[in-house]
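I opened this model to take some notes. My entries follow the structure below.

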Amino acid sequence: MTLFFAVLTPFVGAALVALVSRLGRSHSAWAAGAVTLASLLWLAPSWHLPFAGSLLVQQHDWMPALGLNLAFRLDGLGLLFAGLILGIGLLIVLYARYYLSERDSMGRFYSYLMLFMGSMLGIVLSENLIQLLIFWELTSLSSFLLISYWQHREEAREGARMALAVTGLGGFAMLGGFLLLGHIVGSYELSDVFASGDLIREHPLYLPSLLLILLGVFTKSAQFPFHFWLPHAMAAPTPVSAYLHSATMVKAGVFLLARLYPALSGTPEWFWLVSGTGLATLLLGAYVALFKHDLKGLLAYSTLSHLGLITLLFGLSTPLAAVAGVFHIINHATFKASLFMAAGIIDHEAGTRDMRRLHGLWAFMPYTATLAMVAAAAMAGVPLLNGFLSKEMFFAEAMEVSEYLLGGWLLPALVTLAGALAVAYSIRFIHDVFFNGAPVDLPHTPHEPPRWMKVPVEVLVVLCLVVGIAPTLTVAPLLAVAAQGTLQAPLPEYHLALWHGFNPALFMSLIALAGGALIYRARRPLTAWHERTLDRLDARVVYNALLDGLVGASRFVTRLIDTGSLQRQVFLLLAAALVLGVAPWLAGGAALAGSRTGLPLDPVSFVAAATLIVATLATVWLHRQRFVALVTIGVVGLVVSLIFIKFSAPDLALTQLSVEVVTIVLLLLALYFLPQQAASEREPARAWRDGAIALLAGGGTAALAWAVLTRPYDTIAGYYLENSVPGGGGSNVVNVILVDFRGYDTLGEITVLALAGLGIVAMLQGMKLPAPSRDDTGRVWDADAHPTIMATLTRILLPLALLVAVFILLRGHNQPGGGFIAGLITSVALIVQYLANGAQWTHQRMVSAPSPQMGEGANAEPKPVYDSHPLIAWGLAVAAFTGLGSWLFGYPYLTSTYGHLRWPVVGEFELASAMAFDFGVFLVVVGATLMILVNLGGLHHALPKHREKH
Amino acid sequence: MEMLIALVIGVLTAGGVFLALRGQTFPVVLGLTLLSYAVNLFLFVMGRLAIGVPPVISDAASAYTDPLPQALVLTAIVISFGMTAFVIVLAIKSRAELGNDHVDGLQREEDRNA
């Protein structure tokens, strides 16, 4: 489980960090550091395993029925990346503490950072491809949050959206690639995939799956032509850029190249696609970086270029090139993270990142300048620094491979050119910023940053130096295991050293260094030429055109479907349903009636049905006289509850009856604010058309009901009837189903009810309505708002009604009743008080929570009852925690238990844990119903009483 | 009896559909209420019609009707109340914001005078 916990820790930590931020600004930084360390500690017991040559795979059942497992693996490659993610993550946490200003929310920043860190760890430690993809998508989402951290800036939002669109699209393609790969191999486990490399490469689906996976890789690693999102992601705070674009996000793409290297590499397709894309990105990035005036823009394009270099190395498909690729991953992470941090310091202390204004900072911050110079020299590939070593290996490999292609000189020439460009932009970074005259019009006078802001940069710069000077003593073992994890095969012969003798790679390095200096000297004419020509080309234009096209197309489709008129929409829906419903009848030709013998018709039922039909027709006919329609629809509801009671459904009858009362009260209240009369139909033709549809729909439903009712059927009711008493401890099977067998559904349903109540309160907030003092016929409302007889009677009724509610609640498990019904009855009893006595009177008498069962309510602050949020919250909590209780005893969620108690007077009494659940249901129903009705009534209450309207 | 219930469901559906197609909010809410009666009844009778055999276990009972549709419908009734309440408040809100009670929120002279 250790690997699982290592990945889980940052996700849990994200919530923790956000919570802790309430205590103070530094607290969340400390917490984030602690979370990162905790994650490292989870990995600590397994650190030595890759070095000992063993592979750690941990499997946990997740959805065994679907064959999905949580599977984690730790090999050399995973270890290297986990180390980079957590190690550099720790430095970023420290750095960001000083970078973020007072106005920025620390909790939000660190919370996002932890989410991202967890997602990255998930990618590099996954054994299962689908699981890897889930974490991959999580990095896209969490990087979106990080890039758009400064939400008030438009370029941050736009940059984040672009990154999400591009990497999200790539992730989608990659899912397709993984599915194909899984189909070829027959398993999504990496171990199986590695073992079937030959099978994959010879399979006809190899090319499609390779293309799709590479699409994911190239979008994530910002390879040409998907590179354009990365410079725009620079709108993120600098710690984010330093993290995402050195060690993590963009490295996820090259990580995947390395990860799938044993399975996919070695074919001409791989060679041309991967190395071709890498070469293009290498050159493009290095070229554009030279002309960027923004410090971070320069670093962004140089990141592109270095990612292209790594991609190119993996594309070359020789074992040594793969070793060099892994080595450059390490080196790039260290020097680029420190450069970004240095750029952040300069931005922070000087107030700008524009290299046309930043000059001569050596005089102000010599210490930072020294650090930045060392890191930039590593980026340029100067000897004695780590960048030199991997660049030498890269040049050597380019020479090696070039024998086979393009006349032998093109590839070495191009990579040397890229090297020279890298030297040139590194010189520019140093010379422009720290020397080259005096600063131009800076917002602040620059100075050295706080002590601890420099520490992360120092650590990384020292790493650049020691790796560059003594590679065999420092990085060699880690590189060896990481390369082994990449190749999944014995390592090739290689030798990490500063001096390899006079070989072609050395000459290429020297040419690059000299050429870079020359290019920098010629920068003015070059820049002028670039700005006249190539600068005008921008991949973002294509992206925006595509995006606009997509938006336009989806608008067009939406307009086709959504006409903006509810009436027409409902009409189309019903017409479509009718066509779909009627078509099989016409085609099938099965007999309408089945073989089941029906019940005989009795006169009482006939009269009841006739009443219902007449009341329904009256509702339809009189719907413009709205009060009358309300009375007739009330009749319909009452007959429906009679139908329930007739056909052996006492619970339904009780529920329908109480809901009916509440609904009518609700509609009456609503009608106060709506026109009480409606104008007659303006388009008689429409009424005829709707009538026809209604008749067809009614006829169809009736025919369907008839067809079902006359056919015999199989039911699973037997199970419930048999197990209700022994399993659920209640003889009212309907109630036992609700609170026990299907308790989880009920929990969902009361949540929906609670949400409806909250939604209504939200809608009613701050609403202003004309309060009519007279109705449509000119009669005054509220002539006698609270008739004495009604007020007196309801006061007597209240305790009786509450008693009935308690009775119904308690007996619900065994006899018709239960939480839903008891809740509705309680609500009705309370609502009646409001109606009879007015809201103010009622509030004054219900200072504490309305249900005496709530012990906490009694000594709480007096609150008006319509604030029933706590009631709903308690109800949901009771229901949810009753379910949790069964976990303590090792049973699945919401397993019920029961026992028998003897109560005085009542006699033997059964107590089931499900009844506590039912009590929760009761509380939610009371809370939600009261919240809805009392708030609607409160609108009226809040308005001036006597306002004449003319 | 089955024929009668089928007829009742049919009439409720027809009335509900007709009202749901009206242009003003209040009849639409009435129509939804009628439709939910129809749907609840329809679901309920999927357990077939049975008289005098409630699904309450007791020694005296000889048979029980199907409890499952009843459990489904019970929560459906409560949820339809929640939905009705939500929709009617939405209607009030839309009248408050737009000054009329048309379902499409159209600003029409005759609606305002109605």
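Some ground rules for my notes. This is a predicted model, in which local features need pLDDT of at least 70 and side-chain atom pairs count only at pLDDT 80 or more, while totals for chains, interfaces and linings use all residues. Residues are numbered from 1 along each chain as its sequence is written, and chains are lettered from A and ligands numbered from 1 in the order in which they are written.

Next, chain B. I found four helices and zero strands. Helices are DSSP runs (H or I, at least four residues), as are strands (E, at least two), numbered from the N terminus. The C-alpha atoms of chain B fill a box of roughly 65 × 25 × 15 Å along the principal axes. Buried residues make up 64% of its 114 residues.

Then I took one helix pair. Helix α2 (residues 25-45) and helix α3 (residues 67-98) of chain B pack at about 175°, with axes 10 Å apart. Axes are lines fitted to C-alpha atoms, for helices over the stretch in contact, and angles run from 0 to 180 degrees between N-to-C directions. α2(B) and α3(B) are therefore roughly antiparallel, a term for angles over 145 degrees. Their contact residues divide into 13 nonpolar, eight polar and no charged. Ala, Val, Leu, Ile, Met, Phe, Trp, Tyr, Cys and Pro count as nonpolar, Asp, Glu, Lys and Arg as charged, and the others, Gly among them, as polar.

How many residues of chain A are in contact with chain B? I read 97 residues of chain A against 78 of chain B. Contact means C-beta atoms, placed from the backbone, within 7 Å. Helix α30 (residues 684-709) of chain A gives the largest share of chain A's side, 14 residues. That side holds 66 nonpolar, 24 polar and seven charged residues.

Last entry: A:A375. Leaving aside neighbours within four places in sequence, A:A375 is in contact with A:F335, A:S338, A:L339, A:A342, A:V461 and A:C464.

Terms used: Two residues are in contact if their C-beta atoms, placed from the backbone, lie within 7 Å. Angles under 35 degrees count as roughly parallel, over 145 as roughly antiparallel, 65 to 115 as roughly perpendicular and the rest as oblique. A residue is buried if 20 or more other C-beta atoms lie within 10 Å of its own, exposed if 12 or fewer, and partly exposed in between; C-beta atoms are placed from the backbone.
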